[in-house]
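Please keep the structure open beside the text while you read.

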Amino acid sequence: MLIKDKKENICNHLDIVEKALPSKTTMHVLNHIFLEIKPEEITFLTTNLEMGIKTTYGKEVEVEEDGKVLLPPRFIDVIKSLPQEEVSIDINIENKKIEIESGSSKFNLTGMGTEEYPVFFEKEPEEDPVLFTGSELKDIIRKTIFAVSKDESRPVFTGVLFSIENNTLSVISSDTYRLVMQEKPLSGWGYGDGSYIIPGKSLRELYKLLKDDSRVAVFPQDNQLAFSFDNIYFYSRLIDEKYPEVKGVIPQKSVTRCLVNKEILENTLNRASLLVDHSTQAANIVVNEENMEIKASSNIGIMEEQLSLNSKEGEELEIYVNVRFILEVLRVIDKENILIVFSGKEAPCIIKPEEDESFLYLVLPIKIE
Amino acid sequence: MSASRVIFLADMESFYASVEIARDSSLRGKPVVVCGDPRQRRGIVLAASREAKLYGIKTGMLVGKCLQLCPDAVLINPHMQRYLDVSVRVTSLLEEYTDRVFPYSIDEQFLDMTGCSGLWGTPREAARRIINCVREDTGINCRIGIGENFLQAKMACDCFAKKNREGVFELDSSSYCRYVWPLPVKELFGVGSRMEHHLLRMGIRTIEHLAATPRERLKKRWGINGEILWLNARGIDYSTMEGAVEERRKGVGHSLTLPRDYCNQKELEVVLREVTEEVCRRARSLGTQGKTVSLYCRGADFDYPTGFSRQVKLPAPSALTMEVFPRVLHLLKRHWDGTPVRAVGVSLSGLVKEHMRQPVFFSDRERKLALSRAMDEVRERFGTTSLFWFSSLTPGGQLFERANKIGGHEA
């Protein structure tokens with residue numbers, strides 16, 4: 001069968017499926033790209049067993065009957081390197097020979113049969129899925145993914161929890177040092193209450209595939225979560241563990257509440273981060289009668305800076321906190337002002353955008369003895 | 001560092017035996033041998049008096065052999081607490097002469113005497129004063145090596161001061177080659193029996209030969225250790241007292257020699273739990289936590305070493321047995337090939353101060369820490385055997401065996 005197409009068009013689809021190729025695997029077959037051809041349709045598919053991506057696009061293909069073949073890993077680099085825009089790919093399904101021509105350049109590659117490939121099938125949702133726009137879903141991912149843990153010894157924290165209860169979606173992630181939580185009302189979800197822990201790695205790849213105007217249908221499939229949008233079907237394995245109860249760690253009483261300009265605080269903390277101690281990253285935050293003082297010291301030197309508060313309620317207070325944990329959340333908050341609620345030297349500090357109850361960030365202060 | 005530093009190494013002669021003789025004057029003039037308990041297979045000579053040494057008795061010799069050489073030898077079980085007390089007393093005596101005393105082992109102490117000549121005269125005069133003072137106060141004979149650095153002092157003491165009548169010897173950078181270079185290479189600090197063997201095979205028989213060997217050749221073969229040997233051969237030593245003290249704080253470790261070969265994994269696990277607990281307790285008492293844990297296991301024959309030494313990084317700094325021990329077990333399961341083990345060691349390195357601690361959500365770490373501290377306090381007040389892991393009662397346990405001992409010998 002013969003595919004004639006623009007190089008750019010093929011590359012676009014290869015770029016999509018490349019994201020689910022395994023970085024290293026003992027299953028050699030997974031390094032291949034699954035190609036399925038129908039008279040009017042071309043499908044590329046890859047999986048590393050953690051997640052899988054399938055992309056389909058309409059194209060007139062000279063083909064006698066439907067054909068399937070595994071393309072070798074090098075196929076992607078070959079296509080990207082071709083000299084001319086016009087590309088022709090001739091595949092002999094019988095002996096798996098692949099002939100690629102572009103301009104005067106000619107490649108002969110050998111593919112594999114698809115018998116051993118763990119093909120997954122795109123399924124239709126059984127109930128009503130939830131629909132997001134690409135920008136909504138990207139926003140949810142961006143505001144949680146940064147707090148995901150990289151420590152594989154406690155797998156549950158390497159994922160992001162999507163929990164649905166009474167038509168409210170809570171998205172939570174934590175590396176156990178800090179915790180971020182968002183809440184969104186959900187409409188149209190037909191699967192009832194449930195919890196889904198999606199590996200952070202899968203969400204990072206999904207994020208790259210989403211376009212702002214994508215219409216994304218999200219629904220569970222067996223022990224996976226599927227995301228269907230544009231011509232792409234993306235699934236991720238779920239982490240099969242129980243996420244710890246989060247409500248219990250949110251402090252109920254506050255000692256001090258400060259409203260502060262986000263940009264000013266961010267700039268000050270960026271300066272403090274230059275001088276914090278390398279191993280603890282500890283910055284000292286002091287809330288006085290009417291302003292806030294930020295101090296950092298290490299064997300490099302010391303710094304201190306005062307910044308004014310928009311408003312302050314409650315007691316004066318002093319804590320130490322990992323400066324990186326604060327900076328990372330400030331980067332994802334889009335509001336002009338943020339509210340910081342301190343609940344004592346040992347209780348978590350709460351950071352949230354001004355007048356926005358849907359986003360909550362908790363960070364544990366450093367203990368000094 | 002200026003070249004005019006004056007470093008002393010004071011070495012107590014036949015230390016354990018001398019302490020026993022000083023306590024009991026009826027032992028004076030007799031061949032006194034302090035040795036471990038023969039029934040525990042720790043029956044080796046720990047110290048022999050000057051008289052006993054005349055019979056050819058040496059430290060490390062089996063008690064049986066020692067009795068063959070000298071049937072009249074007076075065998076004495078060790079009293080470690082006594083020796084520690086005397087050692088501390090000696091330190092305080094030495095501190096009368098300089099504020100920079102660095103105990104190197106129980107019977108060897110370094111003194112930085114730089115700039116003390118106005119107080120105590122020439123280095124040789126100061127050394128004689130110290131020797132007299134120690135002898136009068138404790139009854140122990142000490143010998144003093146003098147050098148411009150730690151290495152020279154150590155070499156002056158081990159190779160010369162111990163062997164001359166006066167008990168004092170002085171080396172400096174210009175006399176070092178005259179005195180030290182003709183000596184056999186095994187006399188050099190840092191050359192053990194295996195290293196000697198390698199060097200002899202390279203045709204290096206004296207320290208002079210080693211000093212004349214290209215530095216690059218030694219570096220290529222043994223890395224930094226080869227370079228240090230070459231520097232030692234030339235009497236060069238850049239270490240400082242502060243550096244030496246700092247060096248010790250990089251890790252907290254504990255090792256012990258087992259009374260018999262351990263071949264059973266369950267027994268090894270029991271003793272490793274005890275060792276890990278001790279390491280973690282020490283780290284906690286220093287207010288530190290380790291980032292890396294290492295384990296070594298070694299067979300009985302030191303000349304043909306078996307066993308391994310491996311390390312692993314902890315996910316977060318820790319000094320909690322409950323967090324460190326699983327990693328030790330993991331190292332054991334992964335690297336132990338089943339050969340008999342006679343010595344084990346566990347250490348925590350990459351120490352960070354514990355006074356700033358990042359607490360965590362969803363964890364009972366704070367409670368574990370509080371529990372560990374409570375356990376430390378109980379043991380501090382009521383002794384190491386007042387609270388223990390149940391496994392210490394099983395055959396592999398060494399806790400009770402060692403509880404009343406210091407360094408594995410009777411207190």
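In this predicted model, the lining of the largest pocket divides by class into 15 nonpolar, 13 polar and 18 charged residues.

**The largest pocket**
- About 1,700 Å³ of space lies in the largest pocket, and its lining is made up of 46 residues, with A:Tyr177, B:Pro315, B:Ala316, B:Pro317 and B:Gln358 nearest the centre.
- Chain A contributes α6 (323-332) to the elements that give two or more residues to this lining, while those from chain B include β10 (288-298), α15 (321-335) and α16 (365-382).
- The element that gives the most to the lining is β11(B), which supplies six residues.

**The second largest pocket**
- The second largest pocket holds about 950 Å³ of space, and of its 34 lining residues, B:Glu13, B:Ser14, B:Lys53, B:Arg143 and B:Lys162 lie closest to its centre.
- Elements of chain B that each supply at least two residues of this lining include β1 (7-12), α1 (15-23) and α2 (50-54).
- By class, the lining of the second largest pocket has 13 nonpolar, six polar and 15 charged residues.

**The cavities**
- The structure has four cavities of 30 Å³ or more, and the largest cavity has a volume of about 100 Å³.
- Twelve nonpolar residues line the largest cavity, with no polar and no charged residues, and among them are A:Phe132, A:Leu186, A:Trp189 and A:Tyr196.
- In chain A, β9 (130-133), β10 (159-165) and β15 (224-229) are the elements that give two or more residues to the lining of the largest cavity.

Key. Residues numbered from 1 in each chain as written. Chains lettered and ligands numbered in written order. Predicted model: local features only at pLDDT ≥ 70, side-chain atom pairs only at ≥ 80, totals over all residues. Heavy atoms only, no water. 1 Å grid on protein atoms, 1.4 Å probe; cavity = no way out; pocket = protein on both sides within 12 Å on 5 of 7 lines; lining within 4 Å. Points joined across faces, edges and corners; volume = space filled by probe spheres on them. Helix = DSSP H or I, 4+ residues; strand = E, 2+ residues; numbered from the N terminus. Nonpolar A, V, L, I, M, F, W, Y, C, P; charged D, E, K, R; others polar.
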